[in-house]
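Please consult the sequence and structure shown here.

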Amino acid sequence: MKTTKRTFFKSLAAVSICALFGFNASPVYSSSEAPMKLGFLVKQPEEPWFQTEWAFADKAAKDLGNVQIIKIAVPDGEKTLNAIDNLAANGAKGFVICTPDPKLGPAIMAKARSYDLKVIAVDDQFLNAAGEPMTNVPLIMMAATEIGQRQGEELYKEMQNRKWDVKDTAVLAITADELDTARRRTEGSIEALIKAGFPKEKIYKSPTKSNDIPGALDAANSMLVQHPEIKNWLVVGMNDNTVLGGIRATEGQGFKPENVIGIGINGTDAVNELSKPKATGFFGSLLPSPDVHGYRSTEMLYKWIKDGVEPPKYTPIGDPVLLKRENFKEELLKKGL
């Protein structure tokens with residue numbers, strides 16, 4: 001009987017303690033012991049751009065204190081949705097994502113809502129089922145139209161420096177209009193060229209099947225052979241690699257570097273080209289701010305979760321630096337690249 005009473009009172013004491021701590025059998029951590037977990041998902045982790053975003057997300061976490069960044073590669077839709085499951089299982093409160101496909105937007109948001117995870121899109125805007133931008137999801141990205149305009153302005157400026165005759169010059173615009181960011185950049189560049197005085201009828205668009213060097217090379221070759229009368233080419237593209245594809249095509253068609261001006265966008269993919277001992281038709285690249293993208297998006301997500309400060313629906317990042325052969329090492333070093 002005494003044993004039964006002792007067992008009863010021990011059980012009662014245990015129940016009372018559990019009630020006191022909210023029936024939580026797991027250890028109770030203070031905020032200093034349990035970090036806030038945030039995901040940072042990128043589509044191409046091997047790219048220097050995304051490596052820099054990750055590095056500065058970690059820096060933001062360190063500056064904010066008590067934050068852990070869970071970095072996951074999401075090269076396709078299946079891995080993206082699996083990554084969200086993994087984040088939820090690991091206790092994350094939200095995530096920043098550069099989606100591998102903007103059309104995944106509705107699926108990403110549905111999955112995130114099912115776990116009550118907050119989401120900030122970075123670099124590429126989500127699209128809904130109708131292919132329209134999902135403006136209700138907070139987005140931080142380079143100001144696409146503005147950086148395109150800067151590309152066009154710099155191309156025109158260098159064309160004038162070389163004193164090219166417009167009669168002998170044309171624009172090779174390698175386009176990818178199905179991607180909204182790409183379309184806005186190339187259209188911005190073309191608008192700036194026309195505004196500066198370049199004849200609209202001498203701007204030739206050639207769509208690429210992929211935003212990389214091989215895809216752009218094929219697109220450029222098909223256009224170059226149609227215009228053997230052109231002596232000088234300005235090359236427009238949505239990133240470094242599309243412009244580099246255009247440059248490789250002009251080289252294959254026998255154009256000399258002094259007859260070609262290409263300016264890319266991204267900076268980090270242009271290092272090998274700008275490091276070559278002899279100049280090529282690739283004049284330079286506009287370096288946006290992957291460091292700012294990684295830091296700001298992480299900071300905004302943290303404040304949204306911790307303090308309830310909802311981020312703006314659109315945060316444009318502008319003021320790119322023009323990297324050229326003579327300054328690219330110094331400018332990349334400033335960005336920690």
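This is a predicted model: local features need pLDDT of at least 70, side-chain atom pairs count only at pLDDT 80 or more; totals for chains, interfaces and linings use all residues.

Residues are numbered from 1 along each chain as its sequence is written, and side-chain values use heavy atoms, with hydrogens and water left out.

**Largest pocket**

- The largest pocket holds about 730 Å³ of space; on a 1 Å grid over the protein atoms alone, a pocket is an open set of points with protein on both sides within 12 Å along at least five of seven lines, whereas a cavity is a set where a 1.4 Å probe fits but cannot get out.
- Of its 28 lining residues, Lys 43, Gln 44, Asp 124, Leu 179 and Asn 211 are the closest to the centre; lining residues have an atom within 4 Å of a point.
- Helix 2 (48-64), strand 5 (139-142) and helix 6 each give two or more residues to this lining; helices (H or I, at least four residues) and strands (E, at least two) are DSSP runs, numbered from the N terminus.
- Domain 1 (36-137 + 290-318) and domain 2 (144-287) each supply at least three residues to the pocket lining, with bounds from an automatic or database domain assignment.

**Cavities**

- The structure holds two cavities of 30 Å³ or more, a volume being the space filled by probe spheres set on grid points that are joined across faces, edges and corners.
- The largest cavity has a volume of about 60 Å³, and its lining includes Pro 102, Asp 124, Met 141, Leu 179 and Arg 184.
- Helix 6 (residues 180-196) gives the largest share of that lining, three residues.
- The second largest cavity contains about 30 Å³ of space; among its lining residues are Ile 247, Phe 255, Lys 256 and Thr 280.
- Helix 8 (residues 240-252) provides the largest share of this second lining, three residues.

**Helix 4**

- Gly 105, Ile 108, Met 109 and Ala 112 of helix 4 (residues 105-114) are buried, that is, under 20% relative accessible area with a 1.4 Å probe and protein chains only.
- Viewed down the axis of helix 4, its buried residues fall within an arc of 95°, so they line one face of the helix; the arc is that of the directions from the helix axis to the C-beta atoms.
- The cover over these buried residues includes helix 3 (77-89), strand 3 (94-97) and strand 4 (118-122).
- Asp 116, which follows helix 4, has a positive phi near 60°.

Definitions and conventions. Buried means under 20% relative accessible area, exposed over 50%, partly exposed in between (1.4 Å probe, protein chains only). Contact means heavy atoms within 4.5 Å.
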